[in-house]
Amino acid sequence: SPLFHKFLKEALNKVPKDKCVTVRDALNQAMDEELERDERVFLLGEEVAQYDGAYKVSRGLWKKYGDKRIIDTPISEMGFAGIAVGAAMAGLRPICEFMTFNFSMQAIDQVINSAAKTCYMSAGLQAVPIVFRGPNGASAGVAAQHSQCFAAWYAHCPGLKVVSPWNSEDAKGLLKSSIRDDNPVVFLENELLYGVPFEMSEEAQSKDFTIPIGKAKVERAGSHITLVSHSRYVGHCLDAAAVLAKEGIECEVINLRTIRPMDVESIEASVMKTNHLVTVEGGWPQFGVGAEICARIMEGSAFNYLDSPVTRVTGVDIPMPYAKILEDHSLPQIKDIIFSVKKTLNV
């Protein structure tokens, strides 16, 4: 009946268009859409083609685009990173996957000396549009040689853009922007987030969706203290903020999204409102992302608004242990963030 059809139509309109998408699938969508959009884009790395990627991030792309666009490489990071940088200089737009960023140390000369510095050394005549991507930071049970966070390493170098997404929307929007950027971009994913589903808006699911590089996002508004983080630890900050809210402490949580260029303005604006700041990261404390944020706040106008010193929550200053109980004690936990917030607020 017409009345039933009207009721059904109204009911369907009320159904939310958002859906849950894992970070893995969001990255896959971003690469698929950019490969389809621009024939200059191609992906290369170990196991990315026939095996569908070590973490299945490139699942289905080889079958769709073939050997010329999705390329399996030998186990030689220096070799295939160099090929990718040369291809970028020749006018292509490579996505170079490191199976983990710990292996990027084999190719760090290509990333820093060949990719990052070429635009400057050519007086702007030679662009190097390349994305270096893969899992970064500590996973679980992979010990010292496979557990470093490279955010501070690469953000130290002028000429690179460094991106560190948290959720599925970040992953898709920032990867698309990185592929379209004319500068070399280091795109730091997190292995432990690959299988985590996040809600993605209808807008974020469109092929035109991008997120600008260099702009942070306030994930939770608050008035008592600012928490600044990136990657997996944004989730830890939100969990800590939820616990603290029950005790009457309202935390403002900022998701950096980009490490270089860093959105200092958003951090300063929040600090001017809350008068307190805690930084949270999984990397080592010395010369880390939190250390840089501390320095920027000290040197800027927001310093005059601070009611207490800035506190850093970081990984412990040791190589990562293998034993699980020691690994847990070496990385920031939600209880550590709660403790630091209360210490900063003198609660």
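The following legends describe close-up views of a predicted model. Local features need pLDDT of at least 70 and side-chain atom pairs count only at pLDDT 80 or more, whereas totals for chains, interfaces and linings use all residues. Residues are numbered from 1 along each chain as its sequence is written, and side-chain values use heavy atoms, without hydrogens or water.

**View 1. The annotated domain, residues 21–196.** An unreviewed UniProt entry assigns "domain: Transketolase-like pyrimidine-binding" to this range; such annotations may be inferred rather than shown by experiment. The range is 36% helix and 16% strand, with its end C-alpha atoms 8 Å apart. Helices (H or I, at least four residues) and strands (E, at least two) are DSSP runs numbered from the N terminus.

**View 2. The largest pocket, about 270 Å³.** A pocket is an open set of points on a 1 Å grid over the protein atoms alone, where a 1.4 Å probe fits, with protein on both sides within 12 Å along at least five of seven lines; lining residues have an atom within 4 Å of a point. The volume is the space filled by probe spheres set on the points. Of 13 lining residues, Ala-152, Ala-155, His-156, Arg-260 and Glu-292 are the closest to the centre. Helix H7 (151–155), strand E12 (258–260) and helix H11 (289–299) each give two or more residues, and H11 supplies the largest share, four.

**View 3. Surroundings of Ile-337.** Leaving aside residues up to four places away in sequence, Ile-337 touches (heavy atoms within 4.5 Å) Leu-227, His-236, Cys-237, Ala-240, Val-280 and Val-313.
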